[in-house]
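Hi everyone, thanks for having me. Today I'd like to walk you through one part of a fold, strand by strand. Please have a look at this before I start.

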Amino acid sequence: MKKIIAFIVALVFMLSLTACGRTMDNITSDMESMGESVVSGTESVIDKGKDAISDDDQKSMNLMAGITANEATEAALKHAGLDKSQVRDIDVDLDRDNGRLIYEVDFNSGNTEYDYDINAETGEVISADKSKD
(Lines give C-alpha, C1' and ligand atoms only; values in the text may rest on other atoms or scores of the structure.)
Protein backbone atom coordinates (compact mmCIF):
# COMPACT_ATOMS: atom_id res chain seq x y z
CA MET A 1 0.00 0.00 0.00
CA LYS A 2 2.84 2.41 0.86
CA LYS A 3 4.45 1.71 -2.52
CA ILE A 4 1.23 2.59 -4.35
CA ILE A 5 0.84 5.85 -2.42
CA ALA A 6 4.50 6.75 -3.05
CA PHE A 7 4.04 5.97 -6.75
CA ILE A 8 0.90 8.15 -6.96
CA VAL A 9 2.63 11.03 -5.15
CA ALA A 10 5.65 10.75 -7.48
CA LEU A 11 3.34 10.65 -10.53
CA VAL A 12 1.39 13.71 -9.37
CA PHE A 13 4.67 15.54 -8.70
CA MET A 14 6.02 14.73 -12.19
CA LEU A 15 2.78 15.79 -13.86
CA SER A 16 2.78 19.08 -11.97
CA LEU A 17 6.37 19.77 -13.06
CA THR A 18 5.44 19.02 -16.66
CA ALA A 19 2.49 21.40 -16.41
CA CYS A 20 4.73 24.11 -14.94
CA GLY A 21 7.20 23.69 -17.78
CA ARG A 22 4.48 24.11 -20.38
CA THR A 23 3.12 27.12 -18.55
CA MET A 24 6.53 28.81 -18.49
CA ASP A 25 6.97 28.13 -22.22
CA ASN A 26 3.55 29.64 -22.90
CA ILE A 27 4.38 32.68 -20.75
CA THR A 28 7.71 33.07 -22.53
CA SER A 29 6.14 32.94 -25.99
CA ASP A 30 3.33 35.29 -24.92
CA MET A 31 5.82 37.84 -23.60
CA GLU A 32 7.95 37.66 -26.74
CA SER A 33 4.86 38.28 -28.88
CA MET A 34 4.04 41.35 -26.75
CA GLY A 35 7.41 42.95 -27.56
CA GLU A 36 9.38 41.88 -24.53
CA SER A 37 12.52 39.80 -24.61
CA VAL A 38 13.25 36.81 -22.42
CA VAL A 39 16.77 36.14 -21.17
CA SER A 40 17.64 32.60 -22.20
CA GLY A 41 18.94 30.31 -19.54
CA THR A 42 17.14 32.13 -16.75
CA GLU A 43 13.57 32.73 -15.73
CA SER A 44 13.90 36.52 -15.60
CA VAL A 45 12.23 38.76 -18.12
CA ILE A 46 13.55 42.09 -19.31
CA ASP A 47 11.16 44.74 -20.54
CA LYS A 48 12.71 46.48 -23.54
CA GLY A 49 10.76 49.64 -22.81
CA LYS A 50 12.18 50.36 -19.37
CA ASP A 51 15.28 52.08 -20.78
CA ALA A 52 13.37 53.81 -23.56
CA ILE A 53 13.63 57.57 -23.79
CA SER A 54 10.33 59.43 -23.69
CA ASP A 55 9.28 61.64 -26.62
CA ASP A 56 9.76 64.76 -24.48
CA ASP A 57 13.28 63.69 -23.49
CA GLN A 58 14.07 62.92 -27.13
CA LYS A 59 12.87 66.37 -28.23
CA SER A 60 14.92 67.98 -25.47
CA MET A 61 18.03 66.06 -26.52
CA ASN A 62 17.49 67.09 -30.16
CA LEU A 63 17.41 70.75 -29.08
CA MET A 64 20.59 70.32 -27.02
CA ALA A 65 22.53 68.63 -29.83
CA GLY A 66 24.93 70.97 -31.61
CA ILE A 67 24.81 68.98 -34.85
CA THR A 68 22.11 67.17 -36.79
CA ALA A 69 21.82 63.44 -37.45
CA ASN A 70 22.85 64.10 -41.07
CA GLU A 71 26.00 65.91 -39.91
CA ALA A 72 26.83 63.00 -37.58
CA THR A 73 26.37 60.58 -40.48
CA GLU A 74 28.65 62.70 -42.67
CA ALA A 75 31.32 62.74 -39.93
CA ALA A 76 31.21 58.94 -39.67
CA LEU A 77 31.30 58.47 -43.45
CA LYS A 78 34.23 60.88 -43.77
CA HIS A 79 36.13 59.01 -41.03
CA ALA A 80 35.44 55.70 -42.81
CA GLY A 81 36.57 57.16 -46.14
CA LEU A 82 33.21 56.41 -47.77
CA ASP A 83 30.42 58.43 -49.32
CA LYS A 84 26.70 57.88 -48.96
CA SER A 85 26.41 56.03 -52.29
CA GLN A 86 28.77 53.30 -51.01
CA VAL A 87 26.78 52.41 -47.88
CA ARG A 88 23.46 50.84 -47.00
CA ASP A 89 21.33 50.30 -43.88
CA ILE A 90 22.26 53.59 -42.21
CA ASP A 91 20.91 53.79 -38.66
CA VAL A 92 21.37 56.93 -36.55
CA ASP A 93 20.24 57.23 -32.91
CA LEU A 94 20.66 60.14 -30.53
CA ASP A 95 21.47 58.86 -27.06
CA ARG A 96 23.06 59.85 -23.78
CA ASP A 97 26.31 58.15 -22.75
CA ASN A 98 27.99 59.01 -19.44
CA GLY A 99 26.14 62.31 -19.30
CA ARG A 100 26.99 63.48 -22.81
CA LEU A 101 24.90 63.38 -25.97
CA ILE A 102 26.12 61.10 -28.72
CA TYR A 103 24.88 59.95 -32.07
CA GLU A 104 25.23 56.23 -32.61
CA VAL A 105 25.76 55.80 -36.35
CA ASP A 106 25.73 52.31 -37.87
CA PHE A 107 25.95 51.35 -41.54
CA ASN A 108 27.17 48.62 -43.88
CA SER A 109 29.44 48.77 -46.89
CA GLY A 110 30.19 45.59 -48.79
CA ASN A 111 30.59 42.90 -46.16
CA THR A 112 31.79 45.32 -43.47
CA GLU A 113 29.66 46.74 -40.66
CA TYR A 114 30.66 50.13 -39.23
CA ASP A 115 29.69 51.40 -35.76
CA TYR A 116 30.42 54.99 -34.74
CA ASP A 117 29.79 57.14 -31.68
CA ILE A 118 29.78 60.82 -32.63
CA ASN A 119 29.77 63.67 -30.09
CA ALA A 120 26.36 65.31 -30.68
CA GLU A 121 27.63 68.72 -29.59
CA THR A 122 30.89 68.95 -31.55
CA GLY A 123 30.68 66.32 -34.31
CA GLU A 124 33.90 64.70 -33.08
CA VAL A 125 34.30 60.95 -33.60
CA ILE A 126 34.39 59.42 -30.12
CA SER A 127 34.74 55.80 -31.15
CA ALA A 128 34.83 53.82 -34.37
CA ASP A 129 34.55 50.11 -34.93
CA LYS A 130 34.25 47.98 -38.03
CA SER A 131 33.79 44.29 -38.42
CA LYS A 132 33.58 41.89 -41.34
CA ASP A 133 30.42 39.84 -41.76
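So, a definition to begin with: a nonpolar core is a set of buried Ala, Val, Leu, Ile, Met, Phe, Trp, Tyr and Cys residues joined through side-chain atoms within 4.5 Å. Buried means under 20% relative accessible area, exposed means over 50%, and partly exposed is in between, using a 1.4 Å probe and protein chains only.

A word on where this comes from: it's a predicted model, where local features need pLDDT of at least 70, side-chain atom pairs count only at pLDDT 80 or more, and totals for chains, interfaces and linings use all residues. Residues are numbered from 1 along each chain as its sequence is written, and side-chain values use heavy atoms, with hydrogens and water left out.

Okay, the core. The largest nonpolar core has 17 residues, and the ones that touch the most other members are Tyr103, Val105, Phe107, Tyr116 and Ile118. Two or more core residues come from each of helix H3 (69–80), strand S4 (100–109) and strand S5 (112–119). Those labels are DSSP runs, numbered from the N terminus: helices are H or I with at least four residues, strands are E with at least two.

Let's stay with S4. Is it mostly covered or mostly open? Mostly covered: seven of its 10 residues are buried.

And who are its partners? Two strands pair if DSSP finds at least two bridges between them. S4 pairs with strand S3 (residues 88–97) in the antiparallel sense, over eight bridges. With S5, S4 also pairs in the antiparallel sense over eight bridges.

Now Tyr103. Contact here means heavy atoms within 4.5 Å. Leaving aside neighbours within four places in sequence, Tyr103 is in contact with several residues, including Ala65, Ala72, Val92, Leu94, Tyr116 and Ile118.

Last, the turns. The hairpin of S3 and S4 has two residues between the strands, and Asn98 there takes a positive phi near 50°. That's a positive value in a residue other than glycine, and Asn98 is exposed, with a relative accessible area of 76%. The hairpin of S4 and S5 also has two residues between the strands, and there Gly110 takes a positive phi near 60°.

One more to look at: Asp89, found in strand S3, has a positive phi of about 55° although it is not a glycine. Asp89 is exposed, at 54% relative accessible area.
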